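User: Hi! I'm new to this one, could you walk me through it?
Analyst: Happy to, here it is.
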Amino acid sequence: MERKLAFILLLTVGVAVGIAAGVVLAQGPTVGPPNVLPPVPAPAQSPRDWVDYADLVLRVVTLLAISFGLIGTFAVLTSLRASAYGQIFGRFQGVLLKLADHPDLFDRMKKEEYTDAENDPNSPAVATNPHRFFANAIINLYEEAFLLYDSRVLSVIDPLPADYWVSMLGSMRAAFQLKYVRTHWEKRQAAFSPRFNHYVRDEIVGFVGTQPAAAVV
């Protein structure tokens, strides 16, 4: 996408410069055919002629400013995009490193279920499992990545590259194989966005296939 958009922007600049050059050349003197009598000498340049040239220069400058403005916008959006998925990747690695320090919690997420009693704030006697916070952090991270991928900047640029989302999608499908993570999402769907819940139901929990990202690519 970045290469295509960069090509379009460069083409826009080229067209703008070409139009500006064409307008300038169009203002030059016109040479008639050889058999036509020489034109009557033009009167002395009037103030109106300077106004025309000033208008021409203003148009050229405007075209160039718009073109370079588009290039600047593209550069800023590309930088923001790289920053966005860089932050997601860093946070995801942070969760993995924390679990590496507590492998017992990862094992518990494989076997245990997030219960209704643990989900009930009116049951203070029920102890809160420590891996509940890991499950919540993991699902929140996936939700943020999905909402960012599902959005569009100016309806053109995808904030997350498709290849990056393929990797994230494979990780999400693996994470939802953990019983505690899956039941945590099932019992707390009201805490997540409807779009994310719909995607998880169709493409994560209900996914049947061998390809890691059949619905994306």
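User: Is Trp165 buried or exposed?
Analyst: Trp165 is buried, at a relative accessible area of 0%. Buried means under 20% relative accessible area, exposed over 50%, and partly exposed in between, with a 1.4 Å probe and protein chains only. This is a predicted model, where local features need pLDDT of at least 70, side-chain atom pairs count only at pLDDT 80 or more, and totals for chains, interfaces and linings use all residues. Residues are numbered from 1 along each chain as its sequence is written, and side-chain values use heavy atoms, leaving out hydrogens and water.
User: Which residues touch the most other members of the largest nonpolar core?
Analyst: Tyr142, Trp165, Phe176 and Phe196 do, in a core of 33 residues. Such a core is a set of buried Ala, Val, Leu, Ile, Met, Phe, Trp, Tyr and Cys residues joined through side-chain atoms within 4.5 Å.
User: And which helix gives the largest share?
Analyst: That's H5, with nine residues. Helices here are DSSP runs (H or I, at least four residues), numbered from the N terminus.
User: New topic: how many aromatic pairs are there?
Analyst: The whole structure has nine. Rings of Phe, Tyr and Trp (its six-membered ring) pair if their centres lie within 6.5 Å; planes under 30 degrees apart count as stacked, over 60 as edge-to-face and the rest as tilted. One of the pairs, Tyr149 with Trp165, is stacked, at 4.9 Å centre to centre and 10 degrees between the planes.
User: Where in the chain do those two sit?
Analyst: Tyr149 is in helix H5 and Trp165 in helix H6, 16 residues apart.
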